[in-house]
Structure formats: structure tokens, C-alpha cells
Amino acid sequence: MSDLVAIVYPSEAKAEEVRQRLFDLRKQYLIEFSDAVIAVKTDAGAVRLNQLVNMTAAGAASGSFWGLLIGVIFLNPLIGVALGAASGALSGAFTDYGINDAFMKELAVNLKPGDAALFVLIQNMTADKVLKEIQGAGGTVLKTSLDDAKESALREALAKAATTQPEPSAVNAS
């Protein structure tokens, strides 16, 4: 069974930094996840999703290949590629992989402009080692499907990071 975790960060760059840490932890076999998406609320109020896989582009590439193959069979490969790419891009745009896009956008609407939420669909993890690695980044838990013990451990780790970060020092202009 997979667990969903959504953590809010003050910027898209911070959320991306944590996502990259998770990729590093994945290489060390400490976490296994099927999706990691960053939702950003723009200044205009719109929510933009930064996904791992661009399904529109993947669909266009796949459609181009199949269109070329069918076009070669019917002796018109250029038309086959064009029609295949168009139909592949269209089907890719309507395909949803991993975490439901509508669900992420619905939760991200409540963010402040400029904030970013990192959504991770975790299949398996060594919780103590993963929390130790991401606790320095801070963040606030937005939503989780973890059990109570794991959720409170996550909240404590993130809260500890928030209290240990140094205060910005005042600069004297003499």
C-alpha cells in the first residue's frame, strides 16, 4: 500500500531541493516512491504542477513512432508522423499518472502565492533515515495518509528544523 505525503515549502526551489534529496535517497534504497510532484501557486493565483513525467510529450513521442510505422506501411510516413504525434499528444494530455492532478490542485489552492507543496506517493521507506535526511529542509505537513505514529514523527522532524534554523541577523549600515 502506498502512502501520500504533502509538505509545504516557502518556495519552489526549496521543494525541488527536497525532491532531489529524495532521488538521492532512492539511489541508496532508503525510499521507494512512484510519484513526486511539486505544486506551485503563482502570484496570479493559478496552481501549476511540476511533474516528473510530461505525459503530453511522452504521448507525442509514442504517437510519432506509431504514426511513422503506419505511414511507412501506407507509403506516406510524413502524414503518419504528424497524425500520430497529434493523437499521441492529445491522449497524453488526458492521461494521469501517479497522484491525481485534480486532488493536488484542490489542496494547493489554499497555499499562499509563491509557496510550493511537494506531493510524494511513497511505496516503501526506511522512515528514520529518510526523516533524518529531510528534516533540515523544514516545511509544514499539508496532508498525509501515514499512520499516526509516522505522521507525528514527520511533523516533529519538520518542526525541529524550523526551531533550529538561525534567525536572520540585522545588518548595520554605518
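## The largest pocket

On a 1 Å grid over the protein atoms alone, a pocket is an open set of points with protein on both sides within 12 Å along at least five of seven lines, and its lining residues are those with an atom within 4 Å of a point. Grid points are joined across faces, edges and corners, and a volume is the space filled by probe spheres set on the points. The model is predicted, so local features need pLDDT of at least 70 and side-chain atom pairs count only at pLDDT 80 or more, while totals for chains, interfaces and linings use all residues. Residues are numbered from 1 along each chain as its sequence is written, and side-chain values use heavy atoms, with hydrogens and water left out.

The largest pocket has a volume of about 170 Å³, and 17 residues line it, with V5, I122, M125, I134 and L154 lying nearest its centre. At least two lining residues come from each of β1 (3-9), α1 (12-27), β4 (116-125), α5 (127-134) and α6 (148-164), where helices (H or I, at least four residues) and strands (E, at least two) are DSSP runs numbered from the N terminus. The lining comprises 16 nonpolar residues, no polar ones and one charged residue; Ala, Val, Leu, Ile, Met, Phe, Trp, Tyr, Cys and Pro count as nonpolar, Asp, Glu, Lys and Arg as charged, and the others, Gly among them, as polar.

In α5 the buried residues are V130, L131 and I134, buried meaning under 20% relative accessible area, exposed over 50%, and partly exposed in between, with a 1.4 Å probe and protein chains only. They cover an arc of only 100 degrees around the axis, which puts them on the same side of α5; the arc is that of the directions from the helix axis to the C-beta atoms. The face turned away from this buried side carries the exposed residues D128 and K132.

## Salt bridges

A salt bridge is a side-chain nitrogen of Lys or Arg within 4 Å of a carboxyl oxygen of Asp or Glu, and by this rule there are five. One of them joins R48 to E12, with the closest N and O atoms 3.0 Å apart. Since R48 lies in strand β3 (residues 47-50) and E12 in helix α1, the pair ties together parts that are 36 residues apart in sequence.

Within helix α1, R21 and E17 lie four residues apart, about one turn of the helix, and they form a salt bridge whose closest N and O atoms are 3.1 Å apart. K14, E17 and R21 are linked in a network of salt bridges.

Conventions:
On a 1 Å grid over the protein atoms alone, a cavity is a set of points where a 1.4 Å probe fits but cannot get out, and a pocket is an open set with protein on both sides within 12 Å along at least five of seven lines; lining residues have an atom within 4 Å of a point.
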